Amino acid sequence: MTSIASPFCTCLVATWRNHLVATWRKHLPNSNLVKHCNLVPRSGKAMVVALQPTQDATIMRKPTKHRRVVVTGMSVVTPLGHDPDVFYSNLLEGVSGISKIDTFDCEEFPTRIGGEIKSFSTDGWVAPKLSKRMDKYMLYLLTAGKKALVDGGITQDIMDELNKQKCGILIGSAMGGMQICYDAVEAFRVSYKRINPFTIPFATTNMGSAILAMDLGWMGPNYSISTACATSNFCILNAANHIIRGEADLMLCGGSDGAIVPIGLGGFVACRTLSRRNSDPSKASRPWDTNRDGFVLGEGAGVLLLEELEHAKKRGANIYAEFLGGSFTFDAYHVTQPHPNDGVGVILCMEKALNHSRISREDVNYINAHATSTPIGDLKEYKALIHCFGQNLELRVNSTKSMIGHLLGAAGGVEAVATIQAIKTGWVHPNINLENPDEGVNNQTMYWILTLLLWLNKNDYRGDCFLG
């Protein structure tokens with residue numbers, strides 16, 4: 001069993017008022033010390049919360065006049081709902097969005113489950129003619145992008161007054177138009193003349209951002225980044241940097257993927273990375289649990305609307321959180337496996353992100369982890385977190401993937417929304433299926449937190465967890 005994930009590490013830190021947020025995303029290399037890190041499997045009051053990562057602090061030069069970046073809008077397309085409040089309410093309740101795949105026949109596959117989106121409509125968001133031609137990753141992207149604008153209060157009157165040369169879009173995808181490519185291959189078996197003329201443009205990862213910008217008339221920075229599981233985080237940090245440097249006032253950013261198609265499922269099966277718990281789908285994604293057997297493939301999109309603070313205040317925008325900084329590094333070790341020696345890549349990434357954000361590690365008490373439910377990756381990530389935050393007894397860690405699976409390039413965007421929702425509501429969602437923690441995380445604190453998780457699940461209780 002190997003672990004598939006991007007060898008890139010990304011870390012982003014954000015805050016809102018007294019809420020300090022730090023998070024990161026990726027395939028996490030190793031670290032040695034095992035001390036106190038609470039894998040928090042419960043809903044609880046969060047005073048400080050984690051957000052998603054992205055690019056390099058060392059190449060960022062702050063302008064003379066510091067431009068602050070805030071989050072003023074957000075949207076999701078997920079197996080647990082397509083509205084941020086519905087999505088987060090389901091997370092708080094511990095609802096699993098993992099089920100048997102039913103959009104195509106996968107009975108011959110050893111894995112037949114996923115975080116599949118069962119019901120999704122583009123009505124009112126995407127032109128019907130385009131909707132019939134586009135890959136689903138692009139449909140998720142366009143819908144989530146426009147909904148983020150609505151959530152951010154960008155009415156038509158405000159849109160008309162925006163300087164569109166300073167409005168940009170940076171929404172990436174790890175896999176791009178997989179269904180479009182699959183359909184083209186099937187058509188090619190008959191004749192090249194049967195290939196859809198939209199195959200090439202609708203398969204590329206940048207076309208979603210481009211079409212969205214054409215719909216909106218936005219002429220600012222527009223491109224995509226594709227860095228596997230870290231895609232959304234790279235996009236978020238780069239988008240923030242465009243605002244900091246004065247190149248944009250507003251940026252839509254995040255990620256989208258729709259890889260639950262025959263070629264996508266088959267490819268990950270060939271890598272031997274997926275859970276085969278077909279008889280009990282809701283129990284399949286179990287980060288840090290000793291019985292985990294691989295990740296669960298998911299799909300969807302997560303988009304944030306980032307905005308320069310003064311610009312947001314001038315139009316009376318509702319501010320969810322403030323972006324503080326971030327970083328990115330590379331393991332430089334293996335295509336799929338985390339580094340075996342001390343997790344230097346991810347530790348460096350988190351430390352640089354904290355330094356760039358000018359906060360101390362003691363200020364962070366909640367981390368939304370990458371935690372994909374793979375045998376190797378989960379433990380390496382945990383040890384890296386221990387190295388950086390092991391002395392912080394207030395730290396709480398959870399994994400949104402326990403309920404929605406791994407959304408690949410969309411993971412960071414969706415989990416950024418989950419993190420902001422924790423700030424907004426004051427509640428942290430549980431880790432479901434964490435029943436028998438891996439012996440690598442079996443410290444005294446873990447036993448206490450596990451007992452609390454089981455009690456919370458049994459009593460359906462959302463305790464007031466003030467982490468002050």
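1. Buried, as used throughout this note, means a relative accessible area under 20%, while exposed means over 50% and partly exposed lies in between, with a 1.4 Å probe and protein chains only. The model is a predicted one, in which local features need pLDDT of at least 70 and side-chain atom pairs count only at pLDDT 80 or more, whereas totals for chains, interfaces and linings use all residues. Residues are numbered from 1 along each chain as its sequence is written, and side-chain values use heavy atoms, with hydrogens and water left out.

2. N433, in the loop between β14 and α15, has a positive phi near 70°, and with a relative accessibility of 7% it counts as buried. L408, in the loop between α13 and α14, likewise has a positive phi, near 55°, and is buried at 4% relative accessibility. As background, most residues other than glycine have a negative phi. The helices (H or I, at least four residues) and strands (E, at least two) named here and below are DSSP runs, numbered from the N terminus.

3. The loop between β14 (427-428) and α15 (444-459) also holds D438, which is buried, with a relative accessible area of 14%. Its side chain makes a polar contact with the side chain of R292 at 3.1 Å, a polar contact being a pair of N or O atoms within 3.5 Å of which, within protein, one must be able to donate a hydrogen and the other to accept it, and for which residues adjacent in sequence count only if both atoms are side-chain atoms. A polar atom of the D438 side chain also lies 2.7 Å from the backbone nitrogen of G440. Neighbours within four places in sequence aside, D438 is in contact (heavy atoms within 4.5 Å) with W288, D289, T290, R292 and L379.

4. Strand β9 is mostly covered, since 8 of its 8 residues are buried. L250, L252, G254 and S256 point one way from the strand, and M251, C253, G255 and D257 point the other way. On one pairing, β8 (residues 167-172) and β9 run parallel and are joined by 6 bridges, with G168 opposite M251; on another, β9 and β10 run antiparallel and are joined by 8 bridges, with L252 opposite L305. Two strands count as paired if DSSP finds at least two bridges between them.

5. The axes of α1 and α14 come within 10 Å and cross at roughly 80°, so the two helices are roughly perpendicular to each other, a description that covers angles of 65 to 115 degrees. The axes are lines fitted to C-alpha atoms, for helices over the stretch in contact, and the angles run from 0 to 180 degrees between N-to-C directions. On the α1 side the contact is made by P84, D85, F87, Y88 and L91, and on the α14 side the residues include V414, V417, A418 and Q421.

Technical notes
Angles under 35 degrees count as roughly parallel, over 145 as roughly antiparallel, 65 to 115 as roughly perpendicular and the rest as oblique.
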